[in-house]
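Have the sequence and the 3D view open side by side as you read.

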Amino acid sequence: MGYNFTEIEKKWQRRWEDAEAFRTSTGTARTKFYCLEMFPYPSGKLHMGHVRNYSIGDVYARFKRRSGFNVLYPMGYDAMGMPAENAAIQNQVNPEEWTNNCIQMMKAQQVQMGFSYDWEHTVVTASPEYYRWNQWIFIQLFKNGLAYKKKAAINWCESCGTVLANEQVIDGRCWRCETEVVDKELEQWFFNTRKYADELLESLDELEYWPEQVKTMQRNWIGKSEGTEIIFPVAGSNAKIPAFTTRPDTLFGVTYFVMAPEHPLIPELIADIPEKHSIENYIAQVRKKSRIDRLAETLEKEGIFTGRYIIHPLTGERHPIFIADYVLMDYGTGAVMAVPAHDQRDFEFAKKYNLPIKIVITPDYENPLKGEEIDAAYLDPGTVVNSGEFDGTDNEETKKAITNKLKEKGLGDFSITYRLRDWLISRQRYWGTPIPIIYCDRCGVVPVPESGLPVILPEDVTFTGEGNPLETSQTFIKVDCPSCKGAARRETDTMDTFVDSSWYYLRYITPKSDTHPFDKEEVDRWMPVDHYIGGITHAILHLLYSRFFIKALRDLGLVKFSEPFKRLTTQGMVLKNGEVMSKSKGNIVDPGELIEKFGADSVRTFILFAAPPEKEYDWNDEGIFGVSRFLNRVWNMVQENKDTLKKHVNDHQTDTYTEKRDRQIAGAIESAIKQATENISMFHFNTGISALMELYNELRDFIGKPHGNDSQNRLYTRGVVRLLSLLNPFAPHITEELWEQIGGEGLLSLTDWPEYDPALLVTEEKILVVQVNGKVRGKLVIPANLPEEDVKNRAVQVPNVQKYLNDNIRKIIYVKDKLVNIVV
């Protein structure tokens, strides 16, 4: 028979709420444990990725809570951003109304899943109580030179009259009206992340409990390169173009020069060129390409000759200047010395445009490579050739020598560059944190005084999909200057929503603080987060920005630590038919429907049983049936033996087990405790659940045999109690109900986590073959893991074996768990 999971799950959700079961303790001496999942964007209902993420965190929080830790396990909502604003445009509703409705739906499902959050520690980033402190932090960064404004290129739709995020540009056109998107330069606000580039890079080595994959992704994103910056004069001009390279040893192999289409010197270089119009058209076409496409190794590289030449700094030779799509302005200097013999992209470009290929490094100095004979760039180390005074030297040593030569001539020097750019936080959007800046013709750029925070989003705005809605509110824009009291205007940009998520974990600790963004003493007590759980898609931006924020706040004297997250787990995606779930593909698995059909406990347990957390899982409808059957069997086993269990649930008498089957059951119970504890600790939830299924099978077989004494009934009861206790983090509702039914005291979710007794662990018996001079003479039954010396002593005592022994035993050979060979 099945159990009524709908009724039981609602019952225990009410009980936990009424008892404030998961409230974080204050003033306790217990060791703190801060367990956190990346908070969701409230788009409405949960999806299976949410269910997996939160089930992982909840099991671990419940486990740590019962293991004696004072657990902080909060939940909140990353509630600003484009989806709410787009919903406002489409449905003509205020984004706040849409967002709040979505939050209510999502929270109801989280409660329905039985997640043990402390709802007193909640933040909603769309609330003025939260974004007030975004603004306060912005002002502190601004006052300390970490927030500044400069011109930057953005995606612009002329038809909509608005800025588009990269995700809203589809094949070079606006996602809404399909108008061709153009580049436009606007004054934008930035955070100075590059100031922390070295520390962000170096301190990755201190993150011992982060996945190496994530650390590698961050290292690549920061992209520190040590090399040489070389100055190339432009022929017939006073202009000089710096180019960064990590390969100064190949300088004599330069045969052309390449600039990024966005390079600020290009208008000056092509001003008097007859082909100016063609060049400008080419640049406009390149700017429509995505960064990913421009860097893709599989796409053919394209460029255009500018009609201008650079002068080689050491040879005086002239080389043509091209503009090409594969050079980006935001790496190095936005210009590249092209060495086609020793760089594959340069090689392919040179072949396409019939440019010279000059070998300057060769593996064999006596028989050097020839440019016209190679079919790919030579990238390995070797000896320098065709490089004047540097010929015959090792190319690694030549890097320093050539840089020193350039330095003497004032045309170059050692340099370090980073791929990491400063963080552009400006968004020409409504549904974000207003940037707390006022512009005054007399006083200039003036931060909003603290007494003027929060700068609240106005309601008298128009959502048309065209332009920035904030610019339609005159009550918002017009303001008095805080300094001179004259007429002034507010900044209408809002902040990137990554700002909201870069410090929310600090606000969780004291979410009701109205005098500071967080209580410093409490933050120092609880931080860093002990275990952070979320998707690999956030490996770079969110995690990198959070790390930057903590380092900046530390330098402002607001925190004492340098890294926000001690341990990181990145869970894999939940797929369907090998693809990411999406409405357009019709492959959505709705958690709400699964809860209605199987119950929250089955959904939780299955999503953790299906695959290790870090692996992708391709959804299989059949799997959840098996987990549901398992929980129903546990239910039925307890119902069928309730009288015995009630009698002995609080009987803690210690028994000595003399019968072999009793010892096996006692050992199976302890083994299950050991396996569940170790596997939950290591996030191996699937193998932990398997161990509990094995324990159920042992108990089912044991109770099926006739028992006539209290010792065996106590043993059986101990096994069931331990099974419920260990299963509780995975399936909390059914185990609480069964615990209550058999007379267990208090909430099972708050009982101490069981510890295993090593003395009772299963020592299963092994049957060994005993040989004398290689011939089988008997068999020996021993406990598993019996020491080798004891095995040998027992082998020579086997009666049938003794007949073949004499006083001259030369040696005894033991093959573990298989045989003993006695040589006489």
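Let's start with α25, which is mostly covered: nine of its ten residues are buried. Buried here means under 20% relative accessible area, exposed means over 50%, and partly exposed is in between (1.4 Å probe, protein chains only). Helices (H or I, at least four residues) and strands (E, at least two) are DSSP runs, numbered from the N terminus.

A word on ground rules: this is a predicted model, where local features need pLDDT of at least 70 and side-chain atom pairs count only at pLDDT 80 or more, while totals for chains, interfaces and linings use all residues. Residues are numbered from 1 along each chain as its sequence is written, and side-chain values use heavy atoms, with hydrogens and water left out.

- The buried residues of α25 are Pro 732, His 733, Ile 734, Thr 735, Glu 736, Glu 737, Leu 738, Trp 739 and Gln 741.
- Two packed helices are described by the angle between their axes and the distance between the axes. Axes are lines fitted to C-alpha atoms, for helices over the stretch in contact, and angles run from 0 to 180 degrees between N-to-C directions.
- Take helix α20 (residues 621–640) and helix α25 (residues 732–741): their axes come within 11 Å and cross at roughly 5°. That crossing makes α20 roughly parallel to α25. Angles under 35 degrees count as roughly parallel, over 145 as roughly antiparallel, 65 to 115 as roughly perpendicular and the rest as oblique.
- On the α20 side, Leu 631, Val 634, Trp 635, Val 638 and Gln 639 meet Ile 734, Glu 737, Leu 738 and Gln 741 of α25; contact means heavy atoms within 4.5 Å.
- By class, the contact of α20 with α25 has six nonpolar, two polar and one charged residue. Ala, Val, Leu, Ile, Met, Phe, Trp, Tyr, Cys and Pro count as nonpolar, Asp, Glu, Lys and Arg as charged, and the others, Gly among them, as polar.
- Helix α19 (residues 600–609) is another partner: its axis and that of α25 come within 7 Å and cross at roughly 125°. This makes α19 oblique to α25.
- Here Ala 600, Asp 601 and Arg 604 of α19 meet Pro 732, His 733 and Ile 734 of α25. The residues of this contact divide into three nonpolar, one polar and two charged.

**The nonpolar cores**

- A nonpolar core is a set of buried Ala, Val, Leu, Ile, Met, Phe, Trp, Tyr and Cys residues joined through side-chain atoms within 4.5 Å.
- The largest one has 171 residues, and those with the most contacts inside it are Tyr 34, Phe 138, Phe 191, Tyr 504, Tyr 505, Leu 506 and Trp 619.
- Apart from that core lies another, of 36 residues, with Leu 269, Val 286, Ile 323 and Ile 361 among them.
- Beyond its neighbours within four places in sequence, Trp 619 touches residues including Met 48, Val 574, Met 581 and Phe 606.

**Aromatic rings**

- The structure holds 51 aromatic pairs. Rings of Phe, Tyr and Trp (its six-membered ring) pair if their centres lie within 6.5 Å; planes under 30 degrees apart count as stacked, over 60 as edge-to-face and the rest as tilted.
- Phe 138 and Phe 191 make a tilted pair, 6.0 Å centre to centre with 45° between the planes. The pair joins distant parts of the chain, with Phe 138 in helix α5 (residues 128–143) and Phe 191 in strand β7 (residues 182–191), 53 residues apart.
- Phe 138 and Phe 191 are both buried.
- Tyr 532 and Phe 565 are stacked, because their ring centres are 3.9 Å apart and their planes sit at 15°. Both of these residues, Tyr 532 and Phe 565, are buried.

- Thr 717 is found in helix α24 (residues 710–727). At 1% relative accessibility, Thr 717 counts as buried.
- Val 781 is in strand β30 (residues 775–783). With 48% relative accessibility, Val 781 counts as partly exposed.

**The whole protein**

- The protein has 27 helices and 32 strands.
- Of its 824 residues, 53% count as buried.
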